[in-house]
Number of protein chains: 4
Amino acid sequence: MPRPRLEDARARLLTAGLELFAQHGGERVNSNAIARAAGLGVGTFYLHFANKYAVLRELQLRTLSGLREARAAAHAASLGGGDPEIPVRATIRAAVEFARDHAEAYRVCFGRERAAVAHAGPVLTESVRPIARALRARQSRGEVDPELDPELAARAYLAMEVGLLLWWLEDPKRAEADGLVETLLRLHPAGTGRRAAAPRP
Amino acid sequence: MPRPRLEDARARLLTAGLELFAQHGGERVNSNAIARAAGLGVGTFYLHFANKYAVLRELQLRTLSGLREARAAAHAASLGGGDPEIPVRATIRAAVEFARDHAEAYRVCFGRERAAVAHAGPVLTESVRPIARALRARQSRGEVDPELDPELAARAYLAMEVGLLLWWLEDPKRAEADGLVETLLRLHPAGTGRRAAAPRP
Amino acid sequence: MPRPRLEDARARLLTAGLELFAQHGGERVNSNAIARAAGLGVGTFYLHFANKYAVLRELQLRTLSGLREARAAAHAASLGGGDPEIPVRATIRAAVEFARDHAEAYRVCFGRERAAVAHAGPVLTESVRPIARALRARQSRGEVDPELDPELAARAYLAMEVGLLLWWLEDPKRAEADGLVETLLRLHPAGTGRRAAAPRP
Amino acid sequence: MPRPRLEDARARLLTAGLELFAQHGGERVNSNAIARAAGLGVGTFYLHFANKYAVLRELQLRTLSGLREARAAAHAASLGGGDPEIPVRATIRAAVEFARDHAEAYRVCFGRERAAVAHAGPVLTESVRPIARALRARQSRGEVDPELDPELAARAYLAMEVGLLLWWLEDPKRAEADGLVETLLRLHPAGTGRRAAAPRP
DNA sequence: AATGAATGAGATTTCATTCAT
DNA sequence: TATGAATGAAATCTCATTCAT
């Protein structure tokens, strides 16, 4: 009996998939279970997605672009003040809050999903660029250690951010959002901690 | 006929498992394949390991303790000089070289292996301690920003190190070992870049 | 919205079915694909046919009667002359040309469609009768070996004709239509090839 | 519980497959059913064959080579006499008896198995050659109509033989083996039926 | 009459695990 | 100890069919 379900079957599947992937990890979830959890028949799943990895991919792409937008918005909103630290802090705060507010999606996107790599790689690369650019700008102004490789530093920073947030999400009681922001800020290659690098003899 | 195999069946299985896990990832490898690759019968596998995850666990534990030892040895060997940067750099260099020299093991240990988390978590925690302790010491000497949360900073640094090295191992042509060491050193919470943080009012 | 489709839905389905059955074989085709190829909705298919086998059956019956008619027409048109070979040749030529001009239908009808057997069997039987009758007539006139079993010979001839034409249609470059006609004529149980064989000492 | 089955699992699967394929046709049979019918577990099937088509293929190849051998043996055994009809009749009789004695295999091999074509084609082609060669020889001796295309005639004869025998096997009461042999002999392009047909009063 | 999303039974295939040898 | 054929539970995916619109 074809229950005349809403057209939002696809959305339901994505929601169910998000929960299941976050809970059990990519390989432990099966298409059947996603369909069931979405309150749909098995076949309906394949009407909307080629296989479970297609769901995973879609979830990851959505998360990635959501995070990028959150970051960009925070950055844009914080520009204008004279203090160069403010946009950096705002961007970091946006990332921390995004992770907190979309914990499942964040874990599914950056967590230990082999299938994720293919996408996370390129998109992370995309995030590397603006950070590297900013670093270079500050290097030219003598505000950042000129020996620092901007690309490598940006990549390293992102690895840190993602890794630290994933660790945090495993148990949010481990730290306060504020503390994470401050820590990430201080370790940020363009962070003010570094500004002082100059006085070195 | 029980082929008079060497008693090193266990070692052979670990070696075969390492290669397969590194190549295909934890969920894509099956116990039969490990046995086969080790040149042993299927049944023999179960004589030595409860299941493939036991192999994975063992590989990870070995890698973890290998890395810990490499770090500790480098640290110990570099003490004595007056420059506090030297032990930090030596430790970082040890980690980079360990990753380079045990690329497969490093990936299997820290890569996207869900089963790995359970172990990597605790052991990373163990690595956090010495770094946090050193940070606190330097804070008390006014060499490091006193506002930095030592535990969080240590955790963040390790996330960065692991993440950056995994990215590197995906394609070693992406960077030079030296560049990685310098980058990690400069971003290290106890790095000299930070020492200068003090002058802040 | 019920798109104001032409009432020729049935015809469209048959055409689409013919193409698909010829291309992929009876078991590889599904009703949804037929509907799709016909530019109709899935549900519409079931408004016109009980299932895909009903389409197959209809196609086969049409082909069978088309072939029978082509044969009969050619036979009728060629009667009257004194040479008894002429109607036989005309009938054979009609069959060869029918196969050539309706290659897909011919394959769908006689090819390896299990579901076809049930129908092809009886209808072939129907084609056996006139041939057997003609043979008997010529036997009574001493023109054909009296030992030949007319029913068996007729059945054998038809198996040959169908088999040879199917082989030909697999790749029409394999032979010329004329060559096929001549070959079939010479091997025809009532063929003159047989009669002429006599004068030999 | 791994019943320590005989090593002849493969043979059992082939036997079960033969029966099922003969009964239901290639597409109606599933690997599961074959395994079950063979008294084996599902997985055991895949231990021996890649899929059900591999079973089909093997059955067909065996049948094909069995038939070829039967034909060749009969031909060889009948040579030596002066009458050129004797080897032809012996070969035909061998084919008829092979079909009768291996009815299921014969149907599976030549019947409506789409998957069969690929193999039956080439092998039939192989059977065409000796017949065509014999025809050419007899043409050069003036014993056979020189206008007959040997390749086409050989191909046609085989189509007839296979088609007639398949029809017979559908219901063996339809004809006697002897009658089939005589009919096929008389319609054989090199058959003496042709030569002698005339002198009859 | 026409539609197509939804359904679930069933087919294919994989793999961890057992156990008789 | 060592072996590997055998097993069946479970996952993936297809497709004929229904029915609310």
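Hi everyone, let's begin with chain A, which has 10 helices and zero strands; helices (H or I, at least four residues) and strands (E, at least two) are DSSP runs, numbered from the N terminus. From the N terminus on, the order of elements in chain A reads α-α-α-α-α-α-α-α-α-α.

A word on the source: this is a predicted model, where local features need pLDDT of at least 70, side-chain atom pairs count only at pLDDT 80 or more, and totals for chains, interfaces and linings use all residues. Residues are numbered from 1 along each chain as its sequence is written, while chains are lettered from A and ligands numbered from 1 in the order in which they are written.

Now, burial. A residue is buried if 20 or more other C-beta atoms lie within 10 Å of its own, exposed if 12 or fewer, and partly exposed in between, with C-beta atoms placed from the backbone. Of the 201 residues in chain A, 43% are buried by that count. As for contacts, two residues make one if their C-beta atoms, placed from the backbone, lie within 7 Å. Among the contacts in chain A with a separation of 6 or more, 64% come from residues 24 or more positions apart.

Next, helix 8 of chain A, residues 150–170. The expected span of a helix is 1.5 Å times one less than its number of residues. For the 21 residues of this helix that gives 30 Å, and the end C-alpha atoms are 30 Å apart, which agrees.

On to the cores. A nonpolar core is a set of buried Ala, Val, Leu, Ile, Met, Phe, Trp, Tyr and Cys residues joined through C-beta atoms within 7 Å. The largest one has 109 residues, and A:Ala156 and B:Ala156 have the most contacts inside it. A second, separate core of 108 residues includes C:Ala94, D:Leu40, D:Leu59 and D:Cys109. Which residues of chain A does B:Ala156 touch? Neighbours within four places in sequence aside, B:Ala156 is in contact with A:Met160, A:Leu164, A:Thr183, A:Leu184 and A:Leu187.

Let me finish with two helix pairs. Axes are lines fitted to C-alpha atoms, for helices over the stretch in contact, and angles run from 0 to 180 degrees between N-to-C directions. In chain C, helix 8 (residues 150–170) packs against helix 9 (residues 177–187) at about 160 degrees, with the axes 11 Å apart. Those two helices of chain C are therefore roughly antiparallel; the cut-offs are under 35 degrees for roughly parallel, over 145 for roughly antiparallel, 65 to 115 for roughly perpendicular, and oblique for the rest. C:Met160, C:Glu161, C:Leu164 and C:Trp168 in helix 8 meet C:Leu180, C:Leu184 and C:Leu187 in helix 9.

In chain D, the axes of helix 4 (residues 52–78) and helix 5 (residues 85–101) come within 8 Å and cross at roughly 150 degrees. This pair in chain D is therefore roughly antiparallel too. Residues meeting there include D:Gly66, D:Leu67 and D:Ala70 from helix 4, and D:Ile86, D:Pro87 and D:Phe98 from helix 5.
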